[in-house]
Amino acid sequence: MIRSFKLGYCAITVLAVIGLMLTPAGTMAADKEIKIALTSDAVHVDPQQGNELTSNIMFNHFYDTLVRRTAALDFVPGLAESWELKDELTWVFKLRKGVKFHNGDELKASDVLFSIERCKTQLMSNLVRYIAEAKALDDYTVQIKTPQPYAVLHMDLSEFHILNEKYVKEVGDEQLNLKPMGTGPYQLVEWVKEDHMTLKAFDGYYLGPPEIKKVTFRPITNPATRTAALLTGEVDIIQDLAVRDADRIKSNDKLNLITRPSLLNIVLALDYREKSPTIDLPVNPMKDVRVREAIARAIDVDTIDRVIMNGLATPSDQYVPSSHIGYVDGLDFRQVYPFDLEKANALMKEAGYADGFTMTLDATNNRYVNDQQVAQALAGMLAKIGITVQLNLMPKSNFFGYIRVPSDKSSFIMSGWDTPSGDAGGMYNSMMYSRDKKKGYGQANRGAYASEEFDAWIDKADATPRVEERDKFLQEATKVAVRDIVLIPVHYEQDLYATKKNVDLKPRVDKFIWTYEIDIK
Amino acid sequence: MISYLIKRVFQMVGVLWVVSIIVFTMMSFTGDPTYMMVPLDATEDEIANARMLLGLDKSYIVQYGIFLSNILRGDFGRSFVFRQPAFGLIMERMPATVEMVLAAMALSLVLAIPLGVFAGAYPQKKTSRGIMAGSLLGISLPNFWVGMMLIFILAVQFNLLPSSGRGDTVPVMGINLSIVTMDGFRHIIMPAVTLSFATLAMLLRITRAGMMEVMKQDFIKFARAKGATFKSVLFKHALKNALIPVVTIFGLQLGDLIGFATITEFIFAWPGMGKLLVDSIYMADRPVIVVYLMFVAFLFVVINFAVDIIYTLIDPRIKLR
């Protein structure tokens with residue numbers, strides 16, 4: 001009897017303890033704080049070491065740039081309050097006075113020069129590619145010379161973060177990559193790798209103290225777990241909502257679904273060489289513009305986006321979005337070469353390839369949204385005009401080395417190109433300018449497109465320091481590229497976010513979540 | 001004992017060396033890591049610069065030579081991706097994994113032994129059949145499904161437990177542990193349960209099989225005949241003789257889970273080291289992969305050593321040689 005009473009007592013105690021453990025802990029705080037689930041942990045917090053998305057998001061919390069890129073991809077004064085062109089090559093940036101680093105130091109021209117010099121020897125040396133020489137005219141004036149006239153230097157500088165000279169020299173490279181210290185709106189409090197990163201507001205921020213005082217970033221790689229964390233209320237915002245969860249979020253009246261087209265354009269590169277590596281014919285059929293047009297017309301992007309992408313992709317009309325320098329108003333690749341199998345087959349016949357041919361498509365299977373399925377769909381579509389497409393799918397760790405110029409194993413490549421710079425020039429220089437003609441040009445021209453006409457427009461664009469002229473020349477280049485079908489643009493992936501109802505998040509075009517622009521009601 | 005130890009250490013060095021050769025050879029088939037680190041539009045100069053910074057400008061054999069000679073000096077190399085010491089990256093993530101795995105192993109041991117003894121002693125009972133059917137389920141249900149179901153039911157539907165992460169941690173002897181805080185304990189329940197499923201089922205089945213065999217032997221009958229209680233026969237005489245294979249499997253599972261708890265870590269966003277391995281494979285981050293696999297091999301050697309010693313404690317007839 002006594003024994004059974006004891007047992008019962010124990011059981012009740014155990015149940016009570018479990019109950020205590022299971023009650024969710026609630027917290028009340030006067031200061032606004034927010035929890036954001038990202039797809040991965042930051043790899044770096046030293047802005048000169050790498051550029052994957054999560055790291056980029058962190059850089060903008062801890063550091064600032066001379067020119068600030070707004071959420072809508074406008075370029076406005078940042079640490080530099082103004083800039084002007086002295087001559088074709090010389091830019092003068094006036095620094096804002098009284099900008100404070102987290103340690104209380106004031107931002108001086110010497111910090112800018114130090115950041116530039118240091119970057120030249122780091123992994124991200126491409127950030128200062130267009131800076132030939134930099135010097136300080138006084139404590140608040142920096143003069144930068146470009147190696148050639150370069151109208152969009154200020155736009156490039158919106159990705160270049162300014163370090164504190166004294167601090168970097170004091171702590172060294174390795175510590176800098178663990179303990180960032182800049183002029184940005186937030187300071188790092190704690191970073192437990194792969195678990196969370198806690199940031200607190202820097203009230204001395206030069207644009208005014210941030211609304212949200214505490215931010216916690218949590219890396220949750222599994223998309224379903226990310227959704228679960230939002231549904232349970234553990235986080236306020238999730239990045240990259242899984243497409244299959246979109247309806248569930250939409251139907252929940254406590255949550256918001258936010259979508260916007262990204263800047264990542266999926267494009268197909270066509271081979272222009274005399275003989276193509278994977279095509280067993282004496283002459284590469286794709287040298288004939290009619291064959292290229294047939295391919296373009298055989299691809300039904302709308303169907304791909306509806307069936308494979310669940311409607312969460314935007315067919316791309318050109319190589320860069322409409323916000324960019326080099327975009328031609330009213331020109332739409334899909335209008336010029338609409339989906340038309342009959343016409344496509346006729347073009348193939350006209351070009352002498354009525355029986356078609358066989359080639360290989362190189363694509364990733366873990367880099368872009370549903371990349372493998374898109375590649376399979378492309379193969380199915382091209383089969384209808386007699387082109388047998390063999391798929392060569394590989395993980396990204398192999399892919400980017402494999403397709404690299406001289407790309408002597410590839411005829412037909414699907415890849416993505418991201419242009420957060422707001423300018424088509426970078427993409428055109430790399431992907432379409434003739435190979436081996438000019439240093440720093442054509443290094444990603446995988447199809448070996450070579451056109452005097454196209455190169456001439458790029459040369460002109462890169463010879464003017466005036467943005468309007470550059471825009472005009474790059475637009476001409478766009479027209480040539482669309483006419484010649486250098487690349488076939490497929491679609492822009494869509495960025496998906498889900499938030500609690502009380503969160504005011506306006507997604508940035510460049511995907512860089514910035515807590516300074518977020519508020520909670 | 002001493003000669004046994006020395007022999008084991010030599011064996012271990014040999015194993016580690018072979019692992020390093022295998023990984024280096026395998027990694028030569030994956031892409032050039034440089035292209036994972038530089039932007040797509042990088043120029044030849046920028047690529048050359050990156051290659052030099054990463055130490056990839058030398059020939060493959062020379063890279064391997066440098067790797068070996070650095071190891072002899074206690075330097076395990078730096079990650080291409082993180083630009084931090086590879087060994088440090090693993091060590092900083094290890095406590096979380098070990099904590100989760102130990103919790104899972106303890107859970108499975110505590111449940112598997114009594115259930116296995118029961119099922120082995122009374123194989124005809126309905127309860128035993130129920131236990132065996134359940135264990136089949138435990139072996140065949142995939143980890144990620146169990147994990148997602150737990151999250152869906154306990155976190156999303158009933159909001160009883162947090163869905164992911166490690167929660168609050170406090171340092172215990174310099175190592176951050178979550179299981180000792182209330183919040184951390186709530187976080188570890190689901191990952192540990194998920195991870196324990198398969199091991200629990202396996203240990204249970206092996207205990208039962210051993211018990212059934214031992215129970216048929218003469219010394220059990222003799223023990224009963226001399227008047228020992230059934231309970232003491234079960235746990236003192238029979239279990240001890242059925243334990244050797246259980247310990248073997250326990251050791252192997254322990255090493256396996258610590259090294260490759262990747263899926264469970266992935267589902268629960270548990271900040272352990274398994275995810276580091278997968279990320280490194282995706283990014284062709286050779287230094288981390290090499291050191292990781294060498295570390296796991298080391299772990300297996302140590303665990304097997306411990307298992308050998310436990311053998312001698314369970315059965316004094318076994319000698320270390």
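## A tour from helix H6 of chain A

Select H6(A) and colour Thr225(A), Arg226(A), Thr227(A), Ala228(A), Ala229(A), Leu230(A) and Leu231(A), which are buried (20 or more other C-beta atoms within 10 Å of the residue's own, with C-beta atoms placed from the backbone). Helices here are DSSP runs of H or I with at least four residues, strands are runs of E with at least two, and both are numbered from the N terminus. The model is predicted: local features need pLDDT of at least 70, side-chain atom pairs count only at pLDDT 80 or more, and totals for chains, interfaces and linings use all residues. Residues are numbered from 1 along each chain as its sequence is written, while chains are lettered from A and ligands numbered from 1 in the order in which they are written.

Stay on H6(A). Because 7 of its 9 residues are buried, H6(A) is largely enclosed by the rest of the structure. Now show what covers those buried residues: the cover includes strands S1 (33–38), S11 (237–239), S12 (255–270) and S17 (487–500) of chain A, together with H7 and helix H11 (262–267) of chain B. After H6(A) comes Gly233(A), with a positive phi near 85°.

Next, select the contact between the chains. It takes 43 residues from chain A and 47 residues from chain B, where contact means C-beta atoms, placed from the backbone, within 7 Å. On the chain A side, H1 (2–22), S10 (214–219), H6 (223–231), H13 (396–402) and H14 (425–431) each supply at least two residues. That side divides into 18 nonpolar, 18 polar and 7 charged residues; Ala, Val, Leu, Ile, Met, Phe, Trp, Tyr, Cys and Pro count as nonpolar, Asp, Glu, Lys and Arg as charged, and the others, Gly among them, as polar.

Move to chain B and select H7 (residues 143–157) with H8(B). Their axes come within 9 Å and cross at roughly 145° (lines fitted to C-alpha atoms over the stretch in contact, with angles from 0 to 180 degrees between N-to-C directions). On H7(B) the contact is made by Asn143(B), Val146(B), Gly147(B), Leu150(B), Ile151(B) and Leu154(B), and on H8(B) by Met190(B), Val193(B), Thr194(B) and Phe197(B). These residues divide into 7 nonpolar, 3 polar and no charged.

Finish at Met100(B). Not counting residues up to four places away in sequence, Met100(B) touches Ile188(B), Pro191(B), Ala192(B), Leu195(B), Ala261(B), Trp270(B) and Gly272(B).

Technical notes:
Two residues are in contact if their C-beta atoms, placed from the backbone, lie within 7 Å. A residue is buried if 20 or more other C-beta atoms lie within 10 Å of its own, exposed if 12 or fewer, and partly exposed in between; C-beta atoms are placed from the backbone.
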